[in-house]
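Please examine the sequence and the structure shown below. The paragraphs that follow treat strand pairing, helix packing and a pocket in turn.

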Amino acid sequence: MSFRAKIFLTALAAAAVAALVATALVSWSVRRSLETRIERELATEARMAAEMLAHRTAATEPELDAEADTLGQILGARVTFIAGDGRVVGDSELTAGQIRTVENHGERPEIVEARRQGFGSAQRRSTTVRTDMMYVAIPVKDPGMPLLAFVRLALPLTDVDRQLAAVRSLGALGFAVGIAAAIALTWIFSAPLARRLRAIDERAREYAAGHFTRGIPDYGQDEIGNVARTLDSLTHDLAGRLQGLEADRARMAAILSGMIEGVLVINEHGRLQLANDAARRLLHIDAAVEGRHYPEIVRQPAIAEQIAAALSGKPTRSVELTGLRDSAMTLIARTAPVEISPGRGAVVVLHDITDLRRADMIRRDFVANVSHELRTPLTAIRGYVEALADADPAESRRFLEIVARHTLRMERLVRDLLRLARLDAGQEPLERLPCSVESLFGAIETDLAGLIASRRLIVERHVGRDAVMVTGDPAKLQDALRNLL
């Protein structure tokens with residue numbers, strides 16, 4: 001239902017209720033006024049009749065009945081004479097035979113009230129004449145007729161009902177006119193308001209769809225226009241802030257996605273707010289993890305303790321983890337508290353140091369191997385140098401040859417170390433030339449012929465047709481193949 005229809009129905013209902021209430025109040029007021037006037041007139045006429053009857057004499061009931069008929073014709077009302085014991089002794093509407101069958105009126109409300117206060121009135125439906133009546137009773141003081149104690153006058157309320165019917169007819173006419181006027185006026189005056197509200201509704205739908213146009217329509221100068229302009233201003237301000245937040249979020253997402261370190265952001269309730277790609281890769285977590293509690297995602301007690309300490313504001317230390325979802329992986333986790341409104345969150349940064357640990361292990365092994373390789377020739381050289389002091393010329397020559405051989409071995413080790421250092425620093429030049437694989441292996445076998453013969457070894461070469469020639473640095477390829485052989 002449109003707003004205009006609601007206004008129309010509301011005004012229509014208000015007009016209907018107002019007309020009905022006004023008709024009811026007028027009817028009630030007219031009825032009270034008529035009943036009060038009738039009661040007052042009946043009371044006056046009853047007092048006059050009682051005063052007149054107090055100075056007349058009548059001994060028998062037929063005479064009283066005749067007197068009641070006469071007064072009834074004069075007053076235009078039903079006149080009833082009642083004895084002190086409540087018996088009806090005369091009635092202008094009943095015959096003598098009917099009077100004898102009428103029930104005792106001593107307990108009628110108007111008679112009881114008149115006996116007690118000197119005046120009594122009541123409204124009720126008459127069981128005798130079968131209509132609504134108003135009764136007024138007046139006691140007769142010092143009557144000359146001993147049978148007469150009360151004079152009661154009654155009028156039917158049909159006149160009141162007729163006048164009320166006329167009032168209701170006029171009220172219905174006024175109701176119809178008021179409803180018609182309300183329909184016309186409401187329909188006419190609600191049209192501009194409906195147009196303005198439709199404009200506000202269309203603008204709100206554009207805002208909901210993300211179209212934040214800067215032009216502001218003419219909403220008018222009343223309260224609705226002020227509210228619409230305020231909402232427009234707030235919406236544009238909010239749109240600007242949202243754009244800024246989206247830009248900041250995009251920059252943050254770009255930064256986090258480009259980081260090799262894993263980042264987890266935990267809110268004040270211990271729920272995961274953000275996890276970058278590196279963290280998902282390191283922890284092997286799926287995409288739908290935002291909003292879950294951190295113990296469900298990070299099942300490492302050390303990291304969970306770090307997060308709990310950070311959320312409570314306690315200082316944390318870095319922790320090194322090995323075998324987290326991967327036996328060969330080594331991570332360092334650092335957790336820091338972050339003050340956010342309205343509480344405190346935590347940021348966990350995961351550094352993958354697997355390559356560093358592997359490089360460190362290789363370095364230690366390399367140093368140990370080099371130390372062993374250098375210690376052997378050095379020990380031999382030292383021993384033969386000491387033996388030269390007491391050796392004869394023939395032995396001295398043999399010892400010097402051994403010393404020279406170990407010296408060359410040490411020189412080759414040192415040269416290899418220097419080459420490794422240059423390769424690691426990117427300072428070793430590379431020549432890329434076509435090389436014959438047969439020639440490379442032939443040269444290596446020639447260099448190692450003595451060693452091969454002493455160990456009684458046989459070298460067999462099988463070179464594939466597509467590997468006869470390779471492109472590379474001949475010297476470095478020869479060194480690599482020599483080391484392998």
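Val 265 faces Val 347 of β10 across the pairing in this predicted model, where local features require pLDDT of at least 70, side-chain atom pairs count only at pLDDT 80 or more, and totals for chains, interfaces and linings use all residues. Residues are numbered from 1 along each chain as its sequence is written, and side-chain values use heavy atoms, with hydrogens and water left out. The strands β6 (residues 262–266) and β10 (residues 343–352) run antiparallel and are joined by 5 bridges; two strands pair if DSSP finds at least two bridges between them. Helices (H or I, at least four residues) and strands (E, at least two) are DSSP runs, numbered from the N terminus.

Both strands belong to an open, antiparallel sheet of 5 strands, ordered β7-β6-β10-β9-β8. Because β7 (272–275) and β8 (319–322) at the edges each have a single partner strand, one side of each lacks a neighbour in the sheet.

Elsewhere, β1 (residues 78–82) and β2 (residues 88–91) pair antiparallel over 3 bridges, with Thr 80 bridged to Asp 91. They form a hairpin with 5 residues between them, and Gly 86 in the turn has a positive phi of about 90 degrees.

The lining of the largest pocket divides into 14 nonpolar residues (Ala, Val, Leu, Ile, Met, Phe, Trp, Tyr, Cys and Pro), 11 charged (Asp, Glu, Lys and Arg) and 3 polar (the others, Gly among them). Helix α11 supplies the largest share of this lining, 12 residues. A pocket is an open set of points on a 1 Å grid over the protein atoms alone, where a 1.4 Å probe fits, with protein on both sides within 12 Å along at least five of seven lines; lining residues have an atom within 4 Å of a point.
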